[in-house]
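Let's take a look at the charged side-chain pairs in this one. Have the model open alongside as you read.

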Amino acid sequence: MARGAAKRDSPPVWPLFVFSATVAFLAVPIAIGSAGARLGALGGLAGMVVPFLLGVRRARLVDHGDDAAPPSFFELARESTARAGRMFVYVAGYILLVFLVWMAPASGQRKDSGLAGLVVATVASGLIIATVVDGARLQRRMGGVERQIFLQSTSLAFFVTVLGAVAYALFEVFLDAPKLSMWLLWSWGMAAWGIGSAVIAKRAT
Amino acid sequence: MMHNVLPQLRAARDWTQADLARELDVSRQTVISLEKGRYDPSLPLAFKIADLFECTIEDVFQPNGVA
């Protein structure tokens with residue numbers, strides 16, 4: 001009976017597939033993208049891979065620290081990604097969106113965005129709003145140390161992104177440093193959130 | 001952060017961290033953080049812990065520096 005219960009409780013495998021597909025997808029801009037696209041993709045990759053590795057480490061040391069026979073890497077990866085659940089879907093969606101923006105013609109070369117552009121922009125912004133609402137719901141349902149980690153990492157990512165942007169703006173103004181795309185800034189903000197969550201979670205346990 | 005005697009209370013009942021997590025309806029990570037003194041519980045969780053071990057909150061948690 002215990003075996004059956006354990007089977008029922010085993011974590012879903014789909015977050016691991018979403019994670020793997022997104023990491024593989026990021027290889028495209030890294031391989032053939034411009035310098036900016038490559039930098040943004042590397043930020044996205046770091047924001048996914050670092051929390052993943054720390055999550056696997058946590059699953060091995062915290063969740064299975066007392067086990068006589070530790071589970072395989074695949075099982076640990078499955079547990080680690082299942083914990084983040086649909087957050088991977090949101091991150092994958094964001095990366096797809098950035099890819100679409102990267103593929104879109106520059107504003108000067110666009111002949112007629114028309115209805116297709118309106119539909120893409122409306123659907124994408126609707127999905128972003130839905131993600132934010134769902135994230136807020138998720139945060140309300142959280143308890144214990146997970147809530148503390150979520151709130152600390154969110155505020156850390158906010159301040160790192162804002163202060164980094166202000167600092168870089170000074171270099172732009174006084175040293176004519178190249179202007180950065182806002183998409184790059186948002187991507188690094190998300191990477192800061194992912195890495196911050198993993199590091200704060202590691203410190204908390 | 002506060003000092004607590006959760007590991008001793010848990011050991012007295014021969015519970016694992018997973019057992020305690022299940023009883024409190026929190027994650028095992030929360031129990032580990034509590035026991036290591038790296039996370040101070042919310043007031044509802046502190047009451048739940050005291051209720052579970054049939055003692056007062058002060059019996060479980062003491063400010064650092066208080067014996």
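Is E54(B) buried or exposed? E54(B) is exposed, with a relative accessible area of 69%. Keep in mind that this is a predicted model.

E54(B) has a partner: its side chain meets that of R13(B) in a salt bridge, 3.9 Å from N to O. This pair ties together distant parts of the chain, 41 residues apart: E54(B) sits in the loop between helix 4 (43-52) and helix 5 (57-60) of chain B, and R13(B) in the loop between helix 1 and helix 2 (17-24) of chain B. R13(B) counts as partly exposed, since its relative accessibility is 33%.

Over all chains the count comes to five salt bridges. Here are three of them, with their N to O distances:

| Pair | Distance, N to O |
|---|---|
| R10(B) and E35(B) | 2.5 Å |
| R22(B) and D19(B) | 3.3 Å |
| E54(B) and R13(B) | 3.9 Å |

Now for R10(B) and E35(B), joined by a salt bridge at 2.5 Å. This pair also links distant parts of the chain, with R10(B) in helix 1 (residues 6-12) of chain B and E35(B) in helix 3 (residues 28-35) of chain B, 25 residues apart. Both R10(B) and E35(B) are buried.

That leaves R22(B) and D19(B), whose side chains meet in a salt bridge at 3.3 Å. Both belong to helix 2 of chain B, and because they are three residues apart there, about one helical turn separates them. R22(B) counts as exposed at 60% relative accessibility, while D19(B), at 22%, counts as partly exposed.

Definitions and conventions. Residues numbered from 1 in each chain as written. Chains lettered and ligands numbered in written order. Predicted model: local features only at pLDDT ≥ 70, side-chain atom pairs only at ≥ 80, totals over all residues. Heavy atoms only, no water. Salt bridge = Lys/Arg side-chain N within 4 Å of Asp/Glu carboxyl O. Helix = DSSP H or I, 4+ residues; strand = E, 2+ residues; numbered from the N terminus. Buried < 20%, exposed > 50% of the residue type's maximum accessible area, 1.4 Å probe, protein only.
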